[in-house]
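Colleague: I would like to go through the labels on this model one by one. For each, tell me the value and the cut-off behind it.

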Amino acid sequence: MTNVLSFLGYLFLRALYATMRVRHVNAGNLDETPRYILAFWHRHILLSLHARWRPPTTAIISRSKDGEIVSGVLRHYGAETARGSSTRGGEVALREILRAIRDGKNIAFTPDGPKGPSQIVKDGVIYVAKVSGIPIVPFAIAAKKKSCCARGTACSFRCRSRASSFSMERRCSCRVTATRKSGGPAFKPQ
């Protein structure tokens, strides 16, 4: 069942990525570094697989049931995993990471860990960088929803905002007006 969920997660992430327009900022920091420890917050895991990381990369994944699914998704992307976290199996994962570094692999870390506190760096990533001498390259994702009323979109004509709307499905409403040859309106959806 875990393999099926991992494959479905892989397909979901590929489909999600296909719907996005991606722009990499300062990607040279990663491209110019021959070996690195890629560090990103736990909340950025979902799309971190579409960053410009290079194989061979080993990622640290927790030993939880969710971690097993994430580990399977990473295998579909071509990354290896070391299983452990600050609360369970950290020493084993640390040994696997140091072995992977000796073998010439890059490392991916979530320095704030699965249990948090969120966006507070724990000692693991700093220790690995200090012992190995490999630089830490920070990575982050920012996303924004494209407005259906933005210039250049299919619906960029006569739009009005519905700021007070409670609907999560529609943030803006576009008024469409068609006219007959006589000049009167044929329909007027709101």
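Modeller: Start with β2, where five of its five residues are buried, so the strand is mostly covered. Buried means under 20% relative accessible area, exposed over 50%, and partly exposed in between (1.4 Å probe, protein chains only). Strands here are DSSP runs of E, at least two residues, and helices are runs of H or I, at least four residues; both are numbered from the N terminus.

Colleague: What kind of model is this, and how are the values taken?

Modeller: This is a predicted model: local features need pLDDT of at least 70, side-chain atom pairs count only at pLDDT 80 or more, and totals for chains, interfaces and linings use all residues. Residues are numbered from 1 along each chain as its sequence is written, and side-chain values use heavy atoms, with hydrogens and water left out.

Colleague: Which residues of β2 point one way, and which the other way?

Modeller: Thr57, Ala59 and Ile61 point one way, Thr58 and Ile60 the other way. All of them are buried.

Colleague: What makes β2 and β4 a pair?

Modeller: Two strands pair if DSSP finds at least two bridges between them. Strand β2 (residues 57-61) and β4 are joined by three bridges, so they pair. They run parallel. Thr57 has Asn106 as its bridge partner in β4, and Ala59 stands opposite Ala108.

Colleague: Which strands besides these are joined by bridges?

Modeller: β2 and β3 are joined by four bridges and run parallel. There, the bridge partner of Ala59 is Thr81 in β3. Strand β1 (residues 37-39) pairs with β4 over three bridges, in the parallel sense. Ala39 stands opposite Phe109 in that case.

Colleague: Why is Asn106 called buried?

Modeller: Its relative accessibility is 4%, so Asn106 counts as buried. Asn106 lies in strand β4 (residues 106-109). Asn106 and Ala108 point one way from β4, Ile107 and Phe109 the other way, and all are buried.

Colleague: What is Asn106 in contact with, leaving aside neighbours within four places in sequence?

Modeller: Pro34, Arg35, Tyr36, Arg54, Pro56, Thr57 and Thr58. Contact means heavy atoms within 4.5 Å.

Colleague: How many salt bridges does the structure hold?

Modeller: Three. A salt bridge is a side-chain nitrogen of Lys or Arg within 4 Å of a carboxyl oxygen of Asp or Glu. Side chains of opposite charge can pair when their charged atoms come close.

Colleague: What makes Arg52 and Asp31 a salt bridge?

Modeller: Their closest N and O atoms are 2.8 Å apart, within the cut-off, so the label holds. The pair links distant parts of the chain, 21 residues apart: Arg52 is in the loop between α3 (45-48) and β2, and Asp31 is in helix α2 (residues 28-31). Arg52 is partly exposed at 37%, and Asp31 is partly exposed at 38%.

Colleague: Why is Glu68 called partly exposed but Arg83 buried?

Modeller: Glu68 has 31% relative accessibility, so it counts as partly exposed. Arg83 has 17%, so it counts as buried. Their side chains meet in a salt bridge (2.6 Å, N to O).

Colleague: What does the salt bridge between Glu80 and Lys105 tie together?

Modeller: The closest N and O atoms of Glu80 and Lys105 are 2.7 Å apart. Glu80 lies in strand β3 and Lys105 in the loop between α5 (90-102) and β4, so the pair ties together parts that are 25 residues apart in sequence. Glu80 is partly exposed at 36%, whereas Lys105 is buried at 17%.
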